[in-house]
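Welcome! Please have a look at the sequence and the model first.

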Amino acid sequence: MRYDRRTFITTSSMAVAGTAIARLPLWAQAPAQTPPPAVAKFEDVRRNVGIFTGRGGTIGWLITPEAVVLVDSQFPDTATLCLEGVKSRSKRQIDLLINTHHHGDHTAGNIVFKPETAHILAHENVPALQKKSAEERGNADQQAYADQTFGETWDQDIGHERLQLRHYGPGHTGGDAVVTFAKANVVHMGDLVFRARHPFVDRPGGASVRNWLTTLEQVVKAHEKDTIYIFGHAREGLGVSGTSADLTAMHDYFSAVLDYVQKGIAAGQSRDAIIALTALPKFEDYPNSPATALAGVLGVAYDELTQK
Ligand SMILES: [Zn+2]
């Protein structure tokens with residue numbers, strides 16, 4: 001699909017009307033994926049940083065005459081729409097594509113961006129996790145991997161922006177990056193924030209509920225009061241950007257999870273009994289969708305607390 005350049009320029013903050021998103025086969029879909037929205041959309045956030053929402057994890061972007069940086073790549077179909085939009089806003093080659101983690105709804109579009117991108121950057125655990133996951137899904141031949149990686153920190157001035165990547169240890173996966181556009185004061189959290197909904201905790205992919213909770217605290221401390229955060233996913237109807245209050249809410253959510261599971265273990269309850277809960281105390285309004293969403297989180301917390 002191709003779009004007139006003016007379409008993106010004149011509707012930069014609005015929906016690109018009629019951009020239907022085709023569904024991909026199951027292999028391309030990550031767990032805990034949000035339902036597909038009807039349209040793909042570019043939105044400004046602050047100081048040349050913005051978001052693109054299509055299907056899958058939110059794409060973040062920095063577009064200036066001196067630098068073009070993307071954060072995450074969704075799926076090939078929406079990555080194609082995103083690329084068209086980026087090209088309509090800048091003639092520059094993409095300087096950098098960052099993957100916040102390895103999940104397919106954040107990396108499957110890498111293959112679309114790769115020919116137009118100087119480098120792909122991710123945490124050092126991402127390429128192996130992405131490869132393993134792709135092999136399990138039978139789509140290893142459709143992957144593009146990071147050619148640059150980092151361990152704990154990565155800092156670089158790019159154009160008039162300062163990029164800072166941080167890895168706080170295991171969280172949503174074992175290879176999460178928090179991406180800060182320091183001058184814009186905007187932070188892309190990847191899937192370290194599922195706004196106001198049950199998250200997916202990828203324990204086989206190296207996740208940790210306990211360290212995820214700590215990470216959220218540390219990220220808030222490392223940033224300003226008026227920092228704007230971009231989230232990988234949000235409850236349907238809620239926006240995919242927000243404030244530190246959203247991180248604190250998620251921290252409190254994990255506290256409630258750990259508290260509930262710890263009490264169940266202390267009372268001698270079985271794993272099955274503990275994960276049978278359908279509404280978490282204090283977070284009863286979180287939609288249990290899919291029906292295994294809360295059970296998944298509780299199960300990981302149980303395994304972590306009992307070291308299974
Ligand atoms: Zn994810």
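This is a predicted model.

**Strand E3 and its neighbours**
- Both faces of E3 are covered, with Ile59, Trp61 and Ile63 buried on one side and Gly60 and Leu62 buried on the other.
- In a regular strand, side chains alternate between the two faces of the sheet.
- Strand E2 (residues 49–53) pairs with E3 in the antiparallel sense, over four bridges.
- Within that pairing, Val49 has Leu62 of E3 as its bridge partner.
- Five residues lie between E2 and E3 in their hairpin, and Gly56 in the turn has a positive phi of about 100°.
- Strand E4 (residues 68–71) also pairs with E3 in the antiparallel sense over four bridges, and Leu70 in E4 stands opposite Trp61.
- The hairpin joining E3 to E4 runs through four residues.

**The nonpolar cores**
- The largest nonpolar core has 36 residues, and Met189, Tyr253 and Phe254 touch the most other members.
- Helices H6 (209–222), H7 (244–266), H8 (271–275) and H9 (293–305) each supply at least two residues of this core.
- H7 gives the largest share of this core, eight residues.
- Leaving aside residues up to four places away in sequence, Phe254 touches Pro199, Val209, Trp212, Leu213, Leu216 and Val297.
- Another core, of 23 residues, lies apart from the largest one; among its members are Trp154, Ala177, Val179 and Ile230.

Technical notes: Residues numbered from 1 in each chain as written. Predicted model: local features only at pLDDT ≥ 70, side-chain atom pairs only at ≥ 80, totals over all residues. Heavy atoms only, no water. Core = buried A, V, L, I, M, F, W, Y, C linked by side-chain atoms within 4.5 Å. Buried < 20%, exposed > 50% of the residue type's maximum accessible area, 1.4 Å probe, protein only. Contact = heavy atoms within 4.5 Å. Pairing = 2+ DSSP bridges.
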